[in-house]
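Welcome! Take a moment to look over the sequence and the 3D view before reading on.

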Amino acid sequence: MFDTATQVALTTRKLTLAYDGHDIIQGLDLAIPQGKITALVGPNGCGKSTLLRGMARLLKPKGGTVYLAGTAIAH
C-alpha cells in the first residue's frame with residue numbers, strides 16, 4: 001500500500017472484467033502512483049492485457065470502477 005504522501009493517479013475498486021461471460025479479473029483493488037514506473041508481471045493468460053484494456057476503457061467492466069485522479073472514467 002502507498003503512504004499518504006504518494007499521489008495516486010489510477011485506481012481500481014472491486015474491478016471485475018470478463019469476456020464472453022467468463023470472469024478474467026474478479027474484485028481487483030489496485031492503486032498506481034503518479035510519477036512512478038509501474039510494471040505488470042505474470043504468466044501468459046493471467047489477465048495483464050485484460051486489465052490494461054479495462055483501465056483504458058476498451059473493455060467495459062462487469063463490475064467495479066476505474067478512477068483517474070479520483071474521478072470514475074466511465075463519467
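This is a predicted model: local features need pLDDT of at least 70, side-chain atom pairs count only at pLDDT 80 or more; totals for chains, interfaces and linings use all residues.

To find Thr11 in the view, look along strand β1, which covers residues 8-19. Setting aside neighbours within four places in sequence, Thr11 is in contact with Leu30, Ala31, Thr65, Val66 and Tyr67.

## The order of the elements

Now step back to the whole protein chain. One helix and four strands make up its set of elements. Reading from the N terminus, these elements follow the order β-β-α-β-β. The radius of gyration is 12 Å, close to the 11 Å that the globule rule gives for 75 residues, so the protein chain is as compact as a globular protein of that length.

Along its principal axes, the C-alpha trace spans about 40 × 30 × 20 Å. Of the contacts in the protein chain with a separation of 6 or more, 52% are between residues 24 or more positions apart.

How much of the protein chain do buried residues make up? They account for 27% of its 75 residues.

As for charge, the protein chain carries 8 positive and 4 negative side chains. The centres of these two sets lie 5 Å apart.

Technical notes
Residues are numbered from 1 along each chain as its sequence is written. Side-chain values use heavy atoms; hydrogens and water are left out. Helices (H or I, at least four residues) and strands (E, at least two) are DSSP runs, numbered from the N terminus. Contact means heavy atoms within 4.5 Å. The radius of gyration is taken over C-alpha atoms; the globule rule is 2.2 Å times the number of residues to the power 0.38. Buried means under 20% relative accessible area, exposed over 50%, partly exposed in between (1.4 Å probe, protein chains only). Lys and Arg count as positive and Asp and Glu as negative; His and the chain ends are not counted. The place of a charge is taken as NZ of Lys, CZ of Arg, CG of Asp or CD of Glu.
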